[in-house]
Amino acid sequence: MSDAFSRRKLISTGLAAAAGASGLAVAARLADRYGLIPPDHGGIYGIGQTLTYASQRILIPQHSMAREFNRSEISKVCPINGPPPETETYQRLLAGGFADWRLTIDGLVARPCSFSLTELKGFPSRTQITHQACEEGWSFIAEWTGVPLSYVLNLAGVLPAAKYVFFFPFPEESFPLGKKWGSLDMPDARHPQTLLAYAMNGQELPTPHGAPVRVRVPRQLGFKSLKYLSRITVTDTAKNIGKGWGSSSPEHGFSWYGGI
């Protein structure tokens, strides 16, 4: 038995025992010891969220792969959720084929930077045919092409203290600094299937599906695959990130960890 498997079994057994004995606080302390506390651990559902997140991280290997499908299985209909941004900035960039668009990478990185769409397309790419499962109940299978997020993070030089990667889309008119945002922990951000996708089903990413670039996280529900990217920020905390960015986020009303 490997050391990693023994450690995983020990932690999972301890969490299960603590929860089974109604010692949920004990289970939370055990999870904290091994860095298994999710950002939404507070509140009435906090302990349950911690147990769910910890169980996912312990029982499912960090680099386990979401199922990939054949081209014959690509859905004929790919539903969308919500309209594209109506701001003047976005519409101007859209009209210009996003030639002037840039994706900013900042926060806990050694080399803050920004990339054009052309530069992103010049990086090593990955194509995958995966399942997009929406939290509202509908789903579809599509082919996505993009640069692995891990590659871009390596270019920026993520610092050792980093724990989370936050994604911000184009601002909305009613919230000048932006309304929605999304986030991943570092294991999911560095997962080989997590992409900055710029193409879908062999074509440029359609506007309703997040052009010019969206996150694709096939191991999590659709609300984690944020569309219309403008900025990525690397942090060591999930506290107060949304302050000044509006009161709502893709996680609002859902568990922070949307693993499937």
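Residues are numbered from 1 along each chain as its sequence is written, and side-chain values use heavy atoms, with hydrogens and water left out. Because the model is predicted, local features need pLDDT of at least 70 and side-chain atom pairs count only at pLDDT 80 or more, whereas totals for chains, interfaces and linings use all residues.

Most residues other than glycine have a negative phi, and most peptide bonds are trans. Phe98, although not a glycine, has a positive phi of about 60 degrees, and this residue lies in the loop between helix 4 (88-95) and strand 1 (102-107), where helices (H or I, at least four residues) and strands (E, at least two) are DSSP runs numbered from the N terminus. A cis peptide bond, with omega of about 10 degrees, joins Ala211 and Pro212.

Aromatic rings of Phe, Tyr and Trp (its six-membered ring) are paired if their centres lie within 6.5 Å, with planes under 30 degrees apart counted as stacked, over 60 as edge-to-face and the rest as tilted; by this rule the count comes to 9 aromatic pairs. Tyr90 and Phe98 form a tilted pair, 5.7 Å centre to centre with 55 degrees between the planes. Tyr90 also forms an edge-to-face pair with Tyr228, at 5.6 Å centre to centre and 85 degrees between the planes, and this pair links distant parts of the chain, 138 residues apart. Tyr90, Phe98, Phe170 and Tyr228 form one aromatic cluster. Tyr90 counts as buried because its relative accessibility is 0%, buried meaning under 20% relative accessible area, exposed over 50% and partly exposed in between (1.4 Å probe, protein chains only).
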